[in-house]
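Hi,

Here is the structure I said I would pass on. Have a look at it first, and then read my notes below.

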Amino acid sequence: MADDFATSVEMGLQLTKRIYYGKNAPKPLVMEKKSSTTLPTALMVYAVVTDPSIVDNPDIPSYQPYVHGRCDPPALIPLDMQGIGMEVDCYMDTAFVTVNGTWRVHCVASSRYCDCRIAVPMGEQGSVLGVEIETPSRSYSTLLIESNDTKDASLIANAKDGFLLKRQIYTLKVPQVAGGSILSIKVSWSQKILYQDGQFSLNIPFSFPWYVNPVGKLSCKKERIQLNVNFGMGAEILCESSSHPFKETRRLVGSLGFLYENEVRAWSMNDLSFSYKVHSSEIIGSVLRNSPSMLDFDQREMFCFYLYPPTVNTRKVFRKEVVYVVDISASMQGRPLENVKDALLAALSKLSPADTFNIIAFNGKSLLFSSSMVPAGKESIGKAIQWIDQNFVAEGSTEISLPLNQAMEMLSKNGDSIPLVFLITDGSVGDEREICEALKGLLMKRGLNAPRISTFGIDSIGSRLERLLNDTSSVILADLRIEALENLDSFEIFATRQIETITANAWFSGSKQVEEMVVKLSLQTGVPSEYTNLVLVENKKEKQTSKLEPVDEKASDHVNIKKVIYLRALGVGFGNLNATMDNLPVEAAEPNFNGTSEMRLLVLGVLIFVVKSVENATNISATTQPHMYQQCSWTVTLPICIVV
C-alpha cells in the first residue's frame with residue numbers, strides 16, 4: 001500500500017507541470033533532496049485527482065490541451081503549504097504532539113472540485129488522538145464511537161477510508177474541496193519518547209519536501225515550535241541535543257519550556273529531534289499528586305509514583321538467561337525472516353559473557369540450538385550464527401505451544417538471574433487462549449522466578465528487538481513491591497496502558513462486561529481501542545436563501561448540517577487463523593490503498609505478556625535484588641498511576 005501511495009504522488013508531481021504561473025513567474029524554489037522517497041515525512045495534504053483536466057492555476061486560468069482518460073489509481077498532488085506550527089508536551093515517556101497548518105488547493109481550477117487527502121506521519125508507537133479541518137464551506141472533526149453499536153457496526157465494517165500506511169502514517173480524505181480554497185488543519189497524536197543509555201530521545205516527523213513551498217511567493221514564512229518538558233521531580237534536566245535552535249522560555253523544578261520561532265524562505269527539511277537527561281547520582285523516585293479539573297470526567301484524586309535510574313554508572317546489573325523463540329513458518333519467507341536474522345545477530349552480540357542463551361526455531365515442529373542453556377561466549381555465539389544460517393528456512397505451518405513450553409522449562413527457577421523469553425512470530429493459532437491459560441498458571445506458580453515474556457510484530461522487529469535487548473541488558477532493580485497498594489480499593493495505570501491491559505483481559509476472559517470497560521475508558525480519554533472507532537463528523541454551512549422565511553438579523557445566516565463519515569478500524573485486531581493456515585505473508589496485513597482489505601495481524605504475544613503483567617500488577621515483588629555485574633546503566637522506569 002505504501003508503494004501505491006508513493007506512485008500516486010509521483011503521478012501528481014508530473015501533473016503539476018500543467019500549472020501555469022504567468023509569463024514572469026519565478027522558478028519553483030528547488031532544494032536539495034534529502035531522500036528520493038515520496039512518502040510523507042511531515043504532515044502533508046494532497047489533491048486527489050482522477051480527472052487530469054481539472055489541474056490548473058485557480059488564479060490564472062490558462063489554455064490547456066484537453067486530456068483524455070482518467071488517473072487510475074488517482075494521482076496525489078502535494079498542496080502548497082501556507083503556514084505551520086507545532087506544540088509538544090513531554091510527560092515521562094510520552095509526548096503529546098499538536099500540529100496546526102494551512103494549505104491551499106493551488107492546482108485545481110477555481111470552478112472545479114477535488115477530494116483532499118491528509119497524511120500524518122507519527123513517531124515511535126504513534127496513536128492519533130484527533131483531527132480538525134476547516135474549509136470555506138465545511139468543518140470536520142474526528143470523534144470516537146463504539147464499534148459494536150448495532151446501528152453503526154455495518155457502516156464501520158464497510159468503511160473504506162482512514163487507515164495507517166506502514167503502521168505509522170495515518171491518512172484520511174476530505175471530500176470535495178473547491179480549487180483555490182484554503183484548508184486549516186489541526187492534528188493531535190501521542191508517541192513514545194525513547195530512553196537509552198541514560199538519555200531521553202524524541203523524534204517527530206517535521207521534514208517538508210521542497211515542492212510544498214508556494215511558487216512565486218518569495219516572502220518569508222514563519223515556523224513555530226513550542227516544546228515543554230515536564231519531568232515532575234526536583235532533579236536537574238540537562239539538554240543534550242536539538243535539531244532546531246530553541247530558546248529556553250521557562251525553567252522550573254522538573255519542568256522546562258523551549259520555543260523555536262523563525263522567518264524562513266523554505267519550510268523545515270529536518271525532523272524535530274530533541275534529547276535530554278535527568279541528572280542524578282542515585283536512584284530517585286517521586287510521587288505526583290493532582291486534583292482533577294472541573295472539566296475532567298473523572299473527579300477522583302490521583303497520584304503517580306515512579307522511579308528513575310542514576311546517570312552515574314556505579315550500579316551493578318543482573319545476569320540474564322535468554323531464550324529466543326523464532327517463527328520460521330512459510331509466511332516468514334523473504335524480508336521478514338531476513339530482518340529477524342539481522343536483529344537476532346545484533347542481540348547475540350550484546351550479551352555479556354556471564355549470560356546464558358538458547359534459540360528455538362519453530363514451524364510445525366521445533367528446532368533447538370542446544371538442549372540446555374549455553375554461556376554467551378564468542379565460541380558459542382559463533383556456533384549459534386552458523387546454526388541460524390543453516391536452520392532459518394521459511395517453510396511449514398505455525399505451532400506455538402510446544403516451543404514456548406520448551407523455553408519456559410529451559411529457564412532456571414532460582415532468583416540469581418533475570419529469565420527472559422523473546423517470542424517472534426507473524427502467525428495466529430487456534431489454541432491461543434489455551435496457551436495463555438497454561439502460561440498464566442505457570443507464571444503464578446513460579447512467582448518472582450517466572451520468565452519475563454516479550455513479543456514482537458515482525459514489521460518492526462529490527463529496531464525494537466535490538467532496543468529491548470539493550471534495555472534488558474542493564475537491569476539493576478527488579479521485583480519491587482509497593483505495600484501501600486494493598487490498602488487501596490483499586491489502582492490504575494496511564495490511560496493507554498490501562499486500555500491495552502483491560503483489552504487483553506477482555507480477549508482472554510471473553511467477557512463482554514470487560515469489553516464495555518475498555519469502550520468507556522476509550523471514549524472518556526479519547527484514546528482509540530480495539531472496541532472503538534474514529535468517525536469524521538462534517539458540519540456543512542449553507543446560507544439561507546428562502547425569501548418566504550423571516551430571518552432574524554441577530555441570528556447567524558448559516559445553518560449547521562452534520563454528516564458522519566465512517567473510517568476504518570485502527571486496532572491491531574486479534575489475529576487471522578485463515579491467513580496463518582494459508583501462510584500469507586505479513587504484507588497481506590495492509591489494507592488496499594484504493595479499496596478495502598481485511599487486517600491480518602497477530603496479538604498473541606502481546607496477550608501473553610500482558611496476562612503476566614496483570615497477575616503481577618497487585619503482587620509486585622517484596623524485595624529489590626541489585627546484582628553485582630560490570631554494566632551499570634539502568635534502563636527501566638516504573639510509572640504507576642494510582643487512583644484513590
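Predicted model: local features only at pLDDT ≥ 70, side-chain atom pairs only at ≥ 80, totals over all residues.

H9 itself covers residues 512-525. Its 14 residues should span 20 Å at 1.5 Å a residue, and the end C-alpha atoms are 20 Å apart, so the two values agree. At the start of the helix, a side-chain oxygen of Ser-511 comes to within 3.3 Å of the backbone nitrogen of Gln-513.

Helix H8 (residues 495-509) can be checked in the same way: 15 residues should span 21 Å at 1.5 Å a residue, and the end C-alpha atoms are 21 Å apart, which agrees. Buried residues in H8 include Ile-499, Ile-502, Trp-507 and Phe-508. H8 is followed by Gly-510, and the phi of this glycine is positive too, near 70 degrees.

Next, a sheet. Five strands make up an open sheet, ordered E2-E1-E5-E9-E8, with antiparallel pairing. At the edges are E2 (75-78) and E8 (163-165), each of which pairs on one side only. On average, neighbouring strands here are turned by 40 degrees against each other, direction ignored. Within the sheet, E1 (residues 44-49) and E5 (residues 113-121) are joined by five bridges, and Tyr-46 has Arg-117 in E5 as its bridge partner. Helix H1 (residues 2-15) lies across E1, E2, E5 and E8, and runs at about 65 degrees to E2.

The loops around these strands have some backbone features to look at:

- Asp-72 and Pro-73 are joined by a cis peptide bond, with omega at about 5 degrees. Pro-73 sits in the loop between E1 and E2.
- Gln-125 has a positive phi, near 55 degrees, and is not a glycine. The loop that holds Gln-125 runs between E5 and strand E6 (127-134). With 45% relative accessibility, Gln-125 counts as partly exposed.
- Lys-166 is another non-glycine residue with a positive phi, about 55 degrees. You will find Lys-166 in the loop between E8 and strand E9 (169-178), and at 42% relative accessibility it counts as partly exposed.

Then there is strand E25 (residues 452-456). Is it buried or exposed? Five of its five residues are buried, so the strand is largely enclosed by the rest of the structure. Arg-452, Ser-454 and Phe-456 point one way from E25, while Ile-453 and Thr-455 point the other way. Strand E24 (residues 418-424) runs parallel to E25, and five bridges join the two. Opposite Arg-452 in E25 stands Leu-420.

Finally, the cysteines. How many disulfides are there? The count comes to zero. Cys-107 is in no disulfide, and the nearest cysteine sulfur, that of Cys-114, is 6.2 Å away. Cys-107 has 0% relative accessibility and so counts as buried, whereas Cys-239, at 37%, counts as partly exposed.

Cheers

Terms used: Residues numbered from 1 in each chain as written. Heavy atoms only, no water. Pairing = 2+ DSSP bridges. Helix = DSSP H or I, 4+ residues; strand = E, 2+ residues; numbered from the N terminus. Axes fitted to C-alpha atoms, helices over the stretch in contact; angles between N-to-C directions. Contact = heavy atoms within 4.5 Å. Buried < 20%, exposed > 50% of the residue type's maximum accessible area, 1.4 Å probe, protein only. Disulfide = S-S within 2.5 Å. Expected span 1.5 Å × (residues − 1). Polar contact = N/O pair within 3.5 Å; in protein donor to acceptor, adjacent residues only side chain to side chain.
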